[in-house]
Amino acid sequence: MTPAPLKTRLTELLGCEYPVIQTAMGWVADANLVAATCNAGGFGFLAGAVMTPAEVEAGILQIKAKTGKPFGVNFHMYTPGAGEIIDICIKHRVKAVSYSRSPAKEMIKKLKDAGIVCIPTVGALKHAQKAVEMGADAVVVQGGEGGGHTGSVSTNILLPQVVAALKVPVVAAGGFKDGKGLVAALALGAEGIAMGTRFLLTQESPVPAATKQQYLKTGVEQIIVSTKLDGMPQRMINNVYLQTLEQTSSLGMLFFAIKNGLAFTRITGGSLISMLVNGWKMKQSNGMTLAQTLMAANAPMMIQEAMVKGHPDQGILPSGQIAGAITDLPTGAELMDAIVSEARATLMQLADRFVAPVGNGMTQKKNSLVGIP
Ligand SMILES: Cc1cc2nc3c(=O)[nH]c(=O)nc-3n(C[C@H](O)[C@H](O)[C@H](O)COP(=O)(O)O)c2cc1C
């Protein structure tokens, strides 16, 4: 039996070999990880949302030095350099961009006029519909299992709803790690999977070894959703640091945020007054408490302590629940090979088990099931 080619509208759109996306993760999805993913046949996104435009440009050039394959850049429309990042993506002919809150229509038009694929991540049906109205070419739908900011509906329920409502390719995210998951997502109507946590736990991921070990030894139940960090639901490991935050009163949070802010201003060279003024302005515009607003402003520092400096007990560990089911640290190539061979084997086993042989055993139905999609 011929192995399934695993081609979908997503592989056509992005120009990659397999329908597997490595999503953007702040301080994790660097040039090295993206290049490793793309060289292995997947499609990687550079975590541009936590970079300056100059860092994004340097990252793009580093990726290009390591791979000739197409890749993408993630950005945040509210970061001050968003317009510049778009120009850089156009200048360097980046294949795709991802974002979680939709940029203005004219920004999307500019990207699309330059031939760049727009593929946002959404966590709810109405956001998926809105994203397509705004011009998205495909959407990544993330269920509540997923890492980082996340919704409340599980992938299993959300994905088919979004697939039924949209005509553009839909990619499944939240809770995937292997080839069986890929086949399950295809069965639910997705055109591929997008994974964050699984790629965080690879050899090429820049996360320090002590922090990777913390992810590997954490069980599924210890990966919870908290709003304590920035007021929005975010899935992360329930480590000592998060437990302390959870038990801290609002006043305590304010002191904590100011203490953290002071340390942050020492690093960035900013002043406490300007931090408080910015915090106050943000509070006026989004209705969060001052403590939450200051915490949101300090979140990068708390995440970097664990993810960059390698102190997993002294910072925040954003994570999908799937970390609780991951036990190894393969290279990007090993991971992709394992996913593809398991997906093919699973498709064949399903065909063998559930499609009745007719005549010589090679039925039309059997061939078409193995060949999907
Ligand atoms: C450590 C970490 C950092 C993340 N940072 C970002 C980010 O900067 N931008 C973004 O759009 N999503 C971010 N996410 C969400 C992921 O891109 C992705 O949507 C999610 O991890 C998918 O779920 P999974 O972890 O179950 O694979 C992050 C996730 C993790 C685990």
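Modeller: A residue is buried if 20 or more other C-beta atoms, placed from the backbone, lie within 10 Å of its own; it is exposed if 12 or fewer do, and partly exposed in between. This is a predicted model: local features need pLDDT of at least 70, side-chain atom pairs count only at 80 or more, and totals for chains, interfaces and linings use all residues. Residues are numbered from 1 along each chain as its sequence is written.

Biologist: Which way do Val139 and Val141 point from strand β7, and are they buried or exposed?

Modeller: Val139 and Val141 point one way from β7 (residues 139-142), Val140 and Gln142 the other way.

Biologist: What makes β7 and strand β9 a pair?

Modeller: Two strands pair if DSSP finds at least two bridges between them. A strand is a DSSP run of E, at least two residues; a helix is a run of H or I, at least four. β7 and β9 (residues 170-173) have 4 bridges and run parallel, so they pair. Val139 has Val170 in β9 as its bridge partner.

Biologist: How many bridges join strand β6 to β7?

Modeller: 2 bridges join β6 (residues 121-122) to β7, so the pair qualifies. These strands run parallel. Val122 has Val141 in β7 as its bridge partner.

Biologist: Why are β8 and β11 at the edges of their sheet?

Modeller: The open sheet has 3 strands in the order β8-β12-β11, with antiparallel pairing. β8 and β11 each have a single partner strand, so one side of each is left without a neighbour in the sheet.
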